[in-house]
Amino acid sequence: QQQQQQQQPQQQQRRAKMIQSRGVPGLNRVLVQYERQNQTTSVKRGDVQLLNREELNDAPFVDTPLENSSTSTSKEKQSYKDNEEEGNRKSRKREGDSERDDDNDRRRRSRREDDYDDRRRSRREDVYDDNRRRSSRRDDESSSRRRRDREDDERSTRRRRRDNDDDNDDARSSSKRKSSSRYKDDDKDAYYRDSKRTKNSSSTRKISEHYNNHNNHHVSERWLLPNIRVRVISKKYGSHSYKQKGLVLDVTHGGAFGTLQMASEVLDKVADRHLETALPKVGGNAIVLTGPHKFAKGQLMERSSKTGKGIIQVFEDMSLVTLSLDDIAEWCGPLDDDMMG
């Protein structure tokens with residue numbers, strides 16, 4: 001196939017023969033051989049025009065053998081291969097760079113995930129340590145509170161036992177004095193017996209008055225009341241009730257005995273010497289059992305096991321009263337409106 005190419009720098013048409021239309025290095029170029037030349041030239045595809053058969057018949061194309069065509073072709077092929085290899089090398093480089101970027105991204109993501117996991121683990125450990133410290137602090141406070149309550153109970157028990165022992169000693173001393181006086185009367189003769197009898201009657205009257213005053217004193221100091229909470233300190237009523245709290249439902253014999261509502265049963269005729277008062281928590285309702293403020297109800301503001309004292313704010317006049325813990329009990333009954341005012 002013969003063609004004619006127009007060369008722009010010379011602004012004139014020259015006839016040429018198409019040597020190679022594909023695979024020529026460059027953008028949209030072909031390889032041609034000009035008429036009467038023995039070398040090939042690379043030109044743009046758009047600069048090539050086809051010649052008519054009539055023009056070729058009138059003026060045939062003068063074909064000249066190519067000089068060192070194999071060498072030129074091999075050079076062009078080598079140049080094409082070099083260009084192709086250069087392109088492949090650049091492509092491989094871009095792919096390597098892309099793989100390295102992907103590896104770097106994966107490593108960065110892995111580091112971020114590891115950092116995130118470390119932070120979460122650290123936060124979980126901190127939360128666990130805080131919870132453990134709070135739990136330990138609550139356990140310490142609870143054990144300390146139980147220990148204080150146990151010491152208060154033991155102290156109250158010792159006080160009540162000491163009071164009971166004192167009462168028993170007074171009674172025994174009075175009995176001994178009466179027996180000694182009676183024995184002396186038997187040893188006297190008849191003459192002095194009459195006069196002594198008169199004196200003995202006077203002495204007996206004094207002793208009776210002493211006992212009556214003593215008993216009246218104890219009756220007036222009875223502390224057991226309905227609607228207060230107490231604790232059983234005797235095993236006489238069963239091991240299941242020992243050291244357990246109960247609510248006083250009713251009292252009999254002037255407050256010497258009471259009926260208790262325990263957790264699962266009702267105890268009848270429980271002696272007051274087998275009971276002790278139970279204190280409310282700070283902020284709970286309390287009642288004064290003895291002293292000038294007897295039967296006054298109020299709110300327990302403060303209690304101290306070391307000093308054995310408690311502070312009550314009386315509902316009636318909102319005054320603060322400091323009392324012994326033995327004179328205070330938890331009040332579980334209703335509160336009068338005037339006391340709340």
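## Report on a predicted single-chain model

Buried residues account for 26% of the 341 residues in the chain. The model is predicted. Its secondary structure comes to four helices and 15 strands. Take the contacts in the chain between residues at least 6 apart in sequence: 49% of them join residues at least 24 apart.

### The second largest pocket

How much space lies in the second largest pocket? The volume is about 550 Å³. Of the 25 residues that line this pocket, D149, D152, L279, P280 and R303 are the closest to its centre.

Several elements build the lining. Helix α2 (69-187), strand β10 (275-277) and strand β12 (297-304) each supply at least two residues. The most comes from α2, with eight residues.

What kinds of residue make up this lining? There are 15 charged residues, five polar ones and five nonpolar ones. Two of the residues closest to the pocket centre, D152 and R303, also form a salt bridge with each other.

### Salt bridges

Side chains of opposite charge can pair when their charged atoms come close. In this model the count comes to 18 salt bridges. Three of them are set out here.

| Pair | Closest N to O distance |
|---|---|
| R89 and E86 | 1.9 Å |
| D152 and R303 | 3.2 Å |

Start with R89 and E86. Both residues lie in helix α2. They are three residues apart, about one turn of the helix. R89 has 43% relative accessibility, so it counts as partly exposed. E86 is also partly exposed, at 30% relative accessibility.

Now take D152 and R303. Their closest N and O atoms are 3.2 Å apart. D152 lies in helix α2 and R303 in strand β12, so this pair ties together parts that are 151 residues apart in sequence. Are the two partners buried or exposed, or partly exposed? D152 counts as buried because its relative accessibility is 6%, under the 20% cut-off. R303 is partly exposed, at 24%.

E330 lies in strand β15 (residues 328-331) and R229 in strand β6 (residues 228-232), so the pair ties together parts that are 101 residues apart in sequence. R229 is partly exposed, with a relative accessible area of 25%.

### Strand β15 and its partners

Strands β6 and β15 pair in the antiparallel sense over two bridges. In this pairing, I228 stands opposite W331 in β15.

Strand β15 also pairs with strand β11 (residues 285-288). That pairing is antiparallel too, over three bridges. A286 stands opposite E330 in β15.

### I228, a residue in β6

I228 is found in strand β6. Is I228 buried or exposed? Its relative accessibility is 0%, so I228 counts as buried.

Which residues does I228 touch, leaving out those up to four places away in sequence? The contacts are W223, G246, L247, V248, I287, L289, A329, E330 and W331. One of these, I287, is 59 residues from I228 in sequence. In space the two are 8.0 Å apart, C-alpha to C-alpha.

### T259, a residue in β8

T259 lies in strand β8 (residues 257-261). With 19% relative accessibility, T259 counts as buried, because the cut-off is under 20%.

Which residues is T259 in contact with, leaving aside neighbours within four places in sequence? They are L247, V248, L249, D250, V266, L267 and D268. L247 and V248 are among the contacts of T259, and I228 touches L247 and V248 as well.

Technical notes
Residues numbered from 1 in each chain as written. Predicted model: local features only at pLDDT ≥ 70, side-chain atom pairs only at ≥ 80, totals over all residues. Heavy atoms only, no water. 1 Å grid on protein atoms, 1.4 Å probe; cavity = no way out; pocket = protein on both sides within 12 Å on 5 of 7 lines; lining within 4 Å. Points joined across faces, edges and corners; volume = space filled by probe spheres on them. Nonpolar A, V, L, I, M, F, W, Y, C, P; charged D, E, K, R; others polar. Salt bridge = Lys/Arg side-chain N within 4 Å of Asp/Glu carboxyl O. Buried < 20%, exposed > 50% of the residue type's maximum accessible area, 1.4 Å probe, protein only. Pairing = 2+ DSSP bridges. Contact = heavy atoms within 4.5 Å.
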